[in-house]
Structure formats: C-alpha cells, structure tokens
Number of protein chains: 2
Amino acid sequence: MTTQPVTRTPPKRADARKNIAAILEAATECLARDPDVSVNEIAKAAGVGRVTLYGHFESRAALVAEVVDRVMSQSEEELAAVDLSGDPRDALARLIETTWEITHRYGALVVAAEETLTHEQMREAHQRPLARVERLIKRGRREGVFRKDLPVVWMVSTVQSVVHGASIAVHRGDVTAAQAPHLIRETVLSAFAAQ
Amino acid sequence: MTTQPVTRTPPKRADARKNIAAILEAATECLARDPDVSVNEIAKAAGVGRVTLYGHFESRAALVAEVVDRVMSQSEEELAAVDLSGDPRDALARLIETTWEITHRYGALVVAAEETLTHEQMREAHQRPLARVERLIKRGRREGVFRKDLPVVWMVSTVQSVVHGASIAVHRGDVTAAQAPHLIRETVLSAFAAQ
DNA sequence: ACTAACCCGAACATCAGTGTTCAACAAGAG
DNA sequence: CTCTTGTTGAACACTGATGTTCGGGTTAGT
C-alpha cells in the first residue's frame with residue numbers, strides 16, 4: 001500500500017522530482033493548518049505554478065490522498081517504534097507521547113482527509129493505530145492495572161478524544177505544547193486505573 | 001442579547017411567522033447533520049421556496065447566526081436549570097448528563113457556527129457554559145474531592161473533549177446514545193478524583 | 001549543443017453555491 | 001370583498017474554486 005507501483009515510464013527529471021517533493025511538503029503543511037486550503041495556495045507555498053501541480057497530481061483529491069498516505073506511513077513507522085512492553089501504564093504513557101506528537105504536528109490534516117477520502121479509506125487508515133492502543137488496553141486489563149468496567153472500544157475512543165482535545169487546547173493557548181503530554185497521560189491513566 | 005430588539009414594523013402575517021419558524025427548525029436540524037448544508041436544502045426541508053427564505057433572512061450567515069443564537073439560549077436555559085449544589089461529583093454528573101444531551105442533539109451545529117461566526121462571537125458563546133463547569137470544578141477542588149494537580153482550564157477542556165468524543169463514538173456506532181452519559185460520567189469522575 | 005522533458009502564466013470552460021429581480025399567483029387581515 | 005402582504009419558480013449576475021489548454025520559455029540529461 002505504501003509501496004509505489006513500479007512505474008514503467010523512464011525516471012522523472014531532477015527538477016520534476018524536486019517540485020513534487022516541494023508540493024507534497026507544502027501541501028502537508030498547508031492542510032495541517034487549513035483543511036480547506038485551495039490548490040492555488042498550496043502551489044504558491046510550494047513555489048510552483050498551479051499548472052505544474054496539476055501536471056504531477058491528477059486532482060486535488062489525488063494530492064490530498066497522497067499526502068495522507070505519506071503521513072500515515074510515517075506515523076505508522078513512529079508508532080511501530082514505540083516500546084509497548086513492560087507495565088501497561090508506562091507503555092500507554094509512551095504511546096500517548098508519540099500519538100500526541102503526531103496529532104499536534106499534523107493538526108487539521110485529519111479534517112482534510114475526512115472531507116476527501118471515502119469512509120472505507122478512513123476506516124482503513126485508523127485501523128492499525130487503533131488496534132495498537134486496543135491491544136495495549138486489553139493487556140492492561142488482563143494484568144489488572146486497567147479497569148474492566150468500561151468497554152474497550154470506549155477506552156480507545158477516550159484516548160483519541162483527550163489527545164485531540166489537547167491539540168485544540170494548545171491551539172487556543174490554554175496550555176502549552178510542552179505540558180500537553182503530561183496532562184494527557186495523567187488524565188487518561190487516572191481514568192483507566194483499576195480501582 | 002437573546003432579547004430581540006423591538007421591531008417598529010407592524011406584526012408579520014400568520015403564514016410568514018409560521019414559515020419563519022419552519023425555516024429555523026429545518027435549519028437547526030439540517031445544520032446539526034451537515035454544517036455545510038446549502039440554503040437550497042434548508043428551504044426544501046422547511047417546505048418553502050428559496051426566495052421566501054431570503055425574504056426572511058438577509059443571508060445564509062444571518063440565518064446560521066439566528067439558529068445558533070436560539071440554540072444557545074435554549075441550551076443556556078437547560079444548563080441553568082441543573083442543580084449544582086451538594087457533592088461536586090454528583091453535581092458534575094448532572095451537569096455532564098445535560099451537556100451530553102445538548103451536544104448529542106445538536107451534533108455538527110457547532111462546526112457550522114465555527115465556519116460562520118467570528119472568533120469573538122464563538123468565545124462569547126462558549127463563555128457562560130464553560131464558566132459554569134469551571135466554577136463547579138473549583139468548588140470540588142476546594143472541598144477536596146477533585147484533584148488539584150491539573151490546571152482548571154485543562155479539566156474543563158477534558159469534559160468537553162470526552163463529551164464530544166462520545167458524540168462521535170455514538171455516531172460511529174461504537175456505543176449507544178443510552179450508555180453514553182454513564183461512560184462519560186465514569187471516565188471524567190475517575191480522571192478528576194483526588195487521590 | 002541538442003532535444004525531450006519540464007515550467008509557467010494567461011486564458012478558458014465548468015460547476016456549485018449565494019444572492020437578486022421579476023411577474024404571476026395565493027392568502028391573511030380588515 | 002379587497003387590499004396588502006407574502007409566496008413562488010424561473011432566470012439572472014456574481015463569486016470562488018477546480019481542472020484544462022496553449023504557446024513560449026527554461027533546463028536537465030546525453
């Protein structure tokens with residue numbers, strides 16, 4: 001999925017590759033700020049003409065899909081590198097830390113994805129990171145450190161809610177980005193603790 | 001603010017008043033489902049011509065503002081009726097119950113408001129309900145039943161996050177609307193409990 | 001240096017939504 | 001009953017966005 005299908009066309013020219021990279025980078029940044037940003041602004045931010053952009057991407061939707069795909073695989077990589085062994089509480093804290101960084105970095109990009117991608121694609125995109133949290137929570141319940149009186153699916157959703165809420169709170173200036181991970185961790189772990 | 005300025009014009013005709021009511025009702029329902037709904041669809045849902053709608057409301061923005069204003073004052077009324085005395089935990093549970101009902105009922109209307117209203121208007125709209133939660137949390141901290149190691153503003157934001165997350169979870173079918181209040185209450189109270 | 005690939009701005013077609021005008025028609029208030 | 005207010009669909013202008021075409025200019029690769 002993240003591996004590109006082998007193109008049978010001769011390799012692109014150097015400046016074309018550079019422009020494509022610049023467009024993807026600019027699009028990622030722009031969409032993270034404003035999910036409804038126009039193609040025009042993305043092209044301008046990439047230092048490139050709008051026509052050039054359309055030369056490399058079939059449509060706005062295709063560009064957004066490509067950006068989301070890249071961000072997703074990079075995020076997957078980061079999340080896969082998190083150590084989930086040991087005390088589930090510590091593991092969840094580490095997972096939350098990384099999840100927060102990703103969420104904060106890409107801000108409103110998820111909104112752009114929601115507006116562009118199909119529900120099927122969205123479900124697929126959420127599947128792997130969600131499954132990771134779910135596995136960890138289940139282990140914590142088995143080991144008796146997380147409560148068992150709430151549905152697992154709710155607890156997973158709670159992690160997402162609090163992380164997302166923190167992103168908004170930071171954007172609003174209520175708390176700083178530096179203290180956010182601590183607040184999220186403290187809140188979620190208290191909510192999940194077995195009594 | 002919620003009181004209409006006394007119009008010096010003669011009272012509207014009966015069918016006009018009825019149509020205005022139908023439009024406001026339809027707009028509330030439509031916007032709660034899709035914040036980007038077109039004026040056309042709102043008019044259709046109200047069983048009225050688009051021109052008629054524009055005869056009663058200067059613009060789409062004016063209509064949205066009116067809808068938000070009405071919803072806000074009704075919500076304010078409901079929230080003001082909540083008994084906030086007694087054990088802060090029980091009081092917060094009651095407040096959460098009502099907050100949940102309102103959030104669930106009006107769904108995506110807040111998104112429509114964000115897209116239409118100014119930041120000033122949004123801040124103003126959030127001020128009163130937020131202040132209510134904040135006062136209650138502060139009292140709970142003074143009385144030693146809520147933790148003091150997290151910023152009050154963060155705790156307020158947490159309530160919002162979890163309620164909003166529950167709305168999404170219900171919409172996604174992960175949990176039912178009936179069990180949502182219980183889950184929210186259980187989660188938030190655990191997160192806020194003094195250790 | 002030559003050529004194919006690429007860039008770019010301007011102009012165009014298209015589309016969806018907003019907001020307005022008009023003229024015929026319907027209905028409430030007195 | 002009648003007159004004023006209100007409703008209506010069709011048609012229009014306008015806006016902002018997407019996506020395309022064209023022609024001339026530029027640049028990377030060999």
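The surface near DNA strand C is made up of eight nonpolar, seven polar and six charged residues, where Ala, Val, Leu, Ile, Met, Phe, Trp, Tyr, Cys and Pro count as nonpolar, Asp, Glu, Lys and Arg as charged, and the others, Gly among them, as polar. The structure is a predicted model, in which local features need pLDDT of at least 70 and side-chain atom pairs count only at pLDDT 80 or more, while totals for chains, interfaces and linings use all residues. Residues are numbered from 1 along each chain as its sequence is written, and chains are lettered from A and ligands numbered from 1 in the order in which they are written.

**Chain A in outline**

- Chain A has nine helices and zero strands, where helices (H or I, at least four residues) and strands (E, at least two) are DSSP runs, numbered from the N terminus.
- Along its sequence, chain A therefore reads α-α-α-α-α-α-α-α-α, and its C-alpha trace spans about 60 × 40 × 25 Å along the principal axes.

**The surfaces near the DNA strands**

- DNA strand C is surrounded by 21 residues, of which A:Asn19, A:Gly49, B:Ser38, B:Ser59 and B:Arg60 are the closest; a residue counts as near a molecule or strand if its C-beta atom, placed from the backbone, lies within 6 Å of it.
- Two or more residues of the surface near DNA strand C come from each of α1 (14-33) and α3 (50-56) in chain A, and from each of α1 (14-33), α2 (39-45), α3 (50-56) and α4 (60-80) in chain B.
- DNA strand D is likewise surrounded by 21 residues, and here the closest are A:Ala14, A:Ser59, A:Arg60, B:Gly49 and B:Thr52.
- For the surface near DNA strand D, at least two residues are supplied by each of α1, α2 (39-45), α3 and α4 (60-80) of chain A, and by each of α1 and α3 of chain B.
- By class, the surface near DNA strand D holds eight nonpolar, seven polar and six charged residues.

**How the two protein chains meet**

- In the interface, 19 residues of chain B are in contact with 19 residues of chain A, two residues being in contact if their C-beta atoms, placed from the backbone, lie within 7 Å.
- On the side of chain B that touches chain A, the elements giving two or more residues are α8 and α9 (180-192) of chain B, and the largest share, 10 residues, comes from α8(B).
- That side of chain B divides into nine nonpolar, eight polar and two charged residues.
- Because 100% of the interface residues of chain B are also interface residues in chain A, the copies meet through the same surface.

**The relation between the copies**

- Chain B is superposed on chain A by a rotation of 180° with 0.0 Å of shift along its axis, at an RMSD of 0.0 Å; the superposition is by least squares on the C-alpha atoms of residues with pLDDT of at least 70 in both copies.
- The two copies are therefore related as by a two-fold rotation axis, and the C-alpha of chain B nearest that axis belongs to B:Ala191, 2.1 Å from it.

**Helix α8 of one chain against α8 of the other**

- The axes of α8(A) and α8(B), each covering residues 152-172, come within 8 Å and cross at roughly 130°; axes are lines fitted to C-alpha atoms, for helices over the stretch in contact, and angles run from 0 to 180 degrees between N-to-C directions.
- This makes α8(A) oblique to α8(B), since angles under 35 degrees count as roughly parallel, over 145 as roughly antiparallel, 65 to 115 as roughly perpendicular and the rest as oblique.
- The crossing of α8(A) and α8(B) is right-handed; a crossing is left-handed if the near helix is turned anticlockwise from the far one by less than a right angle, and right-handed if clockwise.
- Residues of α8(A) in this contact include A:Trp154, A:Ser157, A:His164 and A:Ala169, and those of α8(B) include B:Trp154, B:Ser157, B:His164 and B:Ala169.
- The contact of α8(A) with α8(B) comprises six nonpolar, 12 polar and no charged residues.

**Helix packing within each chain**

- In chain A, the axes of α5(A) (residues 88-106) and α8(A) come within 10 Å and cross at roughly 45°, which means that α5(A) is oblique to α8(A).
- The crossing of α5(A) and α8(A) is right-handed, and its residues divide into six nonpolar, five polar and no charged.
- In chain B, α5(B) (residues 88-106) and α9(B) pack at an angle of about 140° with their axes 10 Å apart, and are therefore oblique to each other.
- The crossing of α5(B) and α9(B) is right-handed, and this contact has nine nonpolar, no polar and three charged residues.
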